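Welcome to a first walk through this structure.

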Amino acid sequence: MTLFFFGDSFTAGVELLDHLHYKDYPDPVSFSDQQSDQLVAWRSNNTRRNESDTVLWQEQKKCTYAQKLADLMQLPHHNMAIGGSSLQSTRYLLTKSLADLKKPVTVFVQPTSPERWMDYYDEKWTDFIPGNYYEGEALSHFKSKITNNTDFSRFSTWLLELQAIFDHCSTSNLVDKFYFINSGVFNYIESNKNNFKDMLPTYELLVRKLKNKTFHFPHTKDLEAKNFLPWGHVKEDNHVQLAIDIHSVLCYNKK
């Protein structure tokens with residue numbers, strides 16, 4: 001059996017090796033302390049590492065829960081996570097990847113944030129993310145999309161994409177088992193679920209189906225613990241514990 005992992009920068013391991021490449025690298029902080037004067041000043045004085053560096057991405061992935069879980073289970077794996085992914089592009093990549101397989105695999109999906117979206121722009125599929133820098137026609141496209149959508153429409157699109165991923169994995173003969181990884185997105189959705197309006201029953205039904213298929217990063221259970229790195233990802237200990245938690249359930253049925 002081969003393990004396949006899909007998600008964004010959390011599953012890709014962004015920041016996990018940053019402590020090797022910066023002087024005066026800050027200690028991990030709590031969720032609320034990410035906006036402390038000290039960290040704000042540190043971020044303003046340092047440039048984020050080049051995320052287009054393929055060597056960097058591959059090295060970071062060796063520190064993730066995906067690698068650690070594969071090692072514990074002694075199984076081959078493919079970490080397909082891409083930083084900045086929308087849930088639409090996760091579904092797109094998952095669908096394409098499964099179509100290329102001949103033997104069933106076990107799938108792990110780390111859903112990404114609802115405000116991101118994927119469009120076919122400039123002759124390629126592109127993820128758009130609030131907070132990123134855009135200019136020219138790309139900026140106009142971004143502004144148009146932001147202006148003509150609301151929290152409700154973004155949540156609805158996110159929910160329908162998650163439902164589609166669940167349905168695809170449930171029915172595909174190329175998926176032996178599948179699970180979801182919560183990096184904090186489910187916490188955010190739960191706290192804003194009243195924005196779903198007429199989609200709330202769909203959300204509640206899907207949540208019940210996901211309950212026994214979802215594993216949670218340790219930082220999602222205690223936001224006051226010092227888990228967070230300067231740009232918002234979590235320290236490697238969280239990946240270690242998540243891999244142990246998944247392994248305990250899948251191999252020893254320990255909840």
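**The chain as a whole**

Please keep in mind that this is a predicted model. The chain holds ten helices and seven strands. Its C-alpha trace spans about 50 × 45 × 35 Å along the principal axes. How does the radius of gyration of the chain relate to that of a compact globule? For 255 residues, a compact globule would have a radius of gyration near 18 Å, and the chain agrees with this because its own value is 18 Å.

Of the 255 residues in the chain, 48% are buried. Among contacts in the chain with a separation of 6 or more, 77% are between residues 24 or more positions apart.

Let us start with helix α2, residues 37-44. Here Leu-39, Trp-42 and Arg-43 are the buried residues. Looking down the axis of α2, you would find these buried residues within an arc of 95°, so they line one face of the helix. Turned away from that buried side is a face that carries the exposed residues Asp-37 and Ser-44.

There is a general rule to keep in mind here: an α-helix has 3.6 residues a turn, so residues three or four places apart point the same way.

Now move along to helix α3, residues 54-61. Which residues of α3 are buried? They are Leu-56, Trp-57, Gln-60 and Lys-61. Seen down the axis of α3, the buried residues fall within an arc of 130°, so they too line one face of their helix. Thr-54 and Val-55 are exposed, on the face of α3 turned away from its buried side. And what lies over the buried residues of α3? Their cover includes α1 (9-12), α4 (65-73) and β2 (77-79).

**The largest pocket**

The largest pocket contains about 1,200 Å³ of space. Its lining consists of 34 residues, and those nearest the centre of the pocket are Asp-8, Ser-9, Phe-10, Glu-115 and Arg-116. Helices α1 and α8 (185-191) each supply at least two residues of this lining. The most is given by α8, with three residues. Sorted by class, the lining of the largest pocket has 13 nonpolar, 15 polar and six charged residues.

**The cavities**

Searching the whole structure turns up two cavities of 30 Å³ or more. The second largest cavity holds about 40 Å³ of space. You can find it by looking for the residues that line it: Phe-6, Gly-7, Met-80, Ala-81, Ile-82, Ser-85, Ser-89, Thr-90 and Leu-93. Which helix gives the most to this lining? That is α5 (residues 87-99), with three residues. By class, the lining of the second largest cavity has five nonpolar residues, four polar and no charged ones.

Two of them, Gln-74 and Glu-123, have a positive phi without being glycine. The table sets out their values.

| Residue | Phi | Relative accessible area |
|---|---|---|
| Gln-74 | near 55° | 71% |
| Glu-123 | about 65° | 73% |

To find Gln-74, look in the loop between α4 and β2. For Glu-123, look in the loop between β4 (117-121) and β5 (124-128). Are these residues buried or exposed? Gln-74 is exposed, and Glu-123 is exposed as well.

Which residues does Lys-221 contact, leaving aside its neighbours within four places in sequence? They are His-216 and Asp-245. Lys-221 and Asn-187 are 34 residues apart along the chain, and 9.3 Å separates their C-alpha atoms.

**Looking back**

One is helix α3, with its buried residues lining one face. Another is the largest pocket, where α8 gives the most to the lining.

Key
Residues are numbered from 1 along each chain as its sequence is written. This is a predicted model: local features need pLDDT of at least 70, side-chain atom pairs count only at pLDDT 80 or more; totals for chains, interfaces and linings use all residues. Side-chain values use heavy atoms; hydrogens and water are left out. Buried means under 20% relative accessible area, exposed over 50%, partly exposed in between (1.4 Å probe, protein chains only). Helices (H or I, at least four residues) and strands (E, at least two) are DSSP runs, numbered from the N terminus. The arc is that of the directions from the helix axis to the C-beta atoms. Contact means heavy atoms within 4.5 Å. On a 1 Å grid over the protein atoms alone, a cavity is a set of points where a 1.4 Å probe fits but cannot get out, and a pocket is an open set with protein on both sides within 12 Å along at least five of seven lines; lining residues have an atom within 4 Å of a point. Grid points are joined across faces, edges and corners, and a volume is the space filled by probe spheres set on the points. Ala, Val, Leu, Ile, Met, Phe, Trp, Tyr, Cys and Pro count as nonpolar, Asp, Glu, Lys and Arg as charged, and the others, Gly among them, as polar. The radius of gyration is taken over C-alpha atoms; the globule rule is 2.2 Å times the number of residues to the power 0.38.
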